[in-house]
Amino acid sequence: MVKVVVSGALGRMGTNIGRIVDEAADMELVGGIDIQEGTLFGTEVVLAERMDAFLKEKKPDVLIDFTVAAAAVENIKVAAENNVALIVGTTGFSPEQRATIASAVEGTVPAVISSNFSVGVNIFWKLVREAARELGDYDVEVTEAHHRYKKDAPSGTAKTILDILDQELGGREKVYGRVGETERKGEIGVHAIRGGDIVGDHSVLFAGNFECIEVSHRAYDRAVFAQGAVRAARWVVGREPRIYGMQDVLGL
Ligand SMILES: NC(=O)c1ccc[n+]([C@@H]2O[C@H](COP(=O)([O-])OP(=O)(O)OC[C@H]3O[C@@H](n4cnc5c(N)ncnc54)[C@H](O)[C@@H]3O)[C@@H](O)[C@H]2O)c1
Ligand SMILES: O=C(O)C1=N[C@H](C(=O)O)CCC1
């Protein structure tokens, strides 16, 4: 049995993950962490400040964190100190926060950290890389759309797209939206749409003369992220203590 604690337990992702873990025959949901007390499928959700004592009491194999960047950094430190493996889906980390996470995790616990746990997006990233390799002289625009409550922009997935484009095209300037008189040069345009209950859309447009190619992914339900995170939780237990990506879980 893989024993799981969910951090961000009362949120959109935490609830989806709790349901999947609760229904899994090979997993045991042992509780949750949030900034309010509550319950998650019959298990106790405790306040974030009680996390250290809770992990010592419940002794989970893995903590799955979908919270906000500043909170996740602290949660990761506490989990690593308690020798609990990690799945981190939280996005919006600064470079400094990423460095803090790396020093807490590397050599201490295994952690899968990904801006997007859906299988489809991990394939989409491969397609974006392939297109960028072949279309280096085309204009490139990245667009993402999410629900009205999303806190970070651009999305973590869009930032991963930009990392891939940087690797394949060199570090082109990024222009975040355009207004007024503009002249297109070699930049990558980046556009974040927020509204309603959009689960998560990403698209990369490669525009040449007389033709465009658009590579895109649309999530219709958060279950795709939650299922990927739970799949990663099964995979991570017992691995070497370092940071992995979802491509390691999927063998891509
Ligand atoms: N990697 C992926 O596949 C993926 C998919 C969806 C969302 N996300 C990311 O996951 C994060 C959460 O998204 P959401 O839509 O579930 O948000 P949400 O606001 O619905 O849920 C976040 C939860 O975290 C709780 N929280 C805040 N501080 C906390 C702390 N210190 N300890 C424990 N819990 C705390 C909040 O109270 C809330 O219940 C965001 O960063 C989002 O971008 C990633
Ligand atoms: O709903 C969110 O928030 C999502 N966040 C991730 C991101 O920032 O890329 C993945 C998609 C959904």
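**Two annotated positions and a ligand shell**

His146 is buried, because 25 other C-beta atoms lie within 10 Å; the cut-off for buried is 20 or more, exposed is 12 or fewer, partly exposed is in between, and C-beta atoms are placed from the backbone.

A word on the source. This is a predicted model, where local features need pLDDT of at least 70, side-chain atom pairs count only at pLDDT 80 or more, and totals for chains, interfaces and linings use all residues. Residues are numbered from 1 along each chain as its sequence is written, with chains lettered from A and ligands numbered from 1 in the order in which they are written.

His146 sits in strand S8, residues 139–146. Strands are DSSP runs of E, at least two residues; helices are H or I, at least four. Leaving out residues up to four places away in sequence, His146 touches Ser155, Arg194, Ile198 and Gly200. Contact means C-beta atoms within 7 Å.

Now Lys150. Its place is the loop between S8 and helix H6 (156–169). Lys150 counts as partly exposed because it has 18 C-beta neighbours inside 10 Å.

Next, ligand 1. It is surrounded by 27 residues, the closest being Gly8, Gly11, Met13, Ala71 and Gly89. Near means a C-beta atom within 6 Å of the molecule. Helix H1 (12–23), strand S2 (27–34) and helix H3 (69–81) each give two or more residues to this shell. H1 has the largest share, three residues.

Last, the UniProt domain annotation "Dihydrodipicolinate reductase C-terminal", also from an unreviewed entry, covers residues 120–250. That stretch is 37% helix and 29% strand.

How values were computed. UniProt positions are given in the numbering used here, feature names are shortened, and annotations may be inferred rather than shown by experiment. Two residues are in contact if their C-beta atoms, placed from the backbone, lie within 7 Å.
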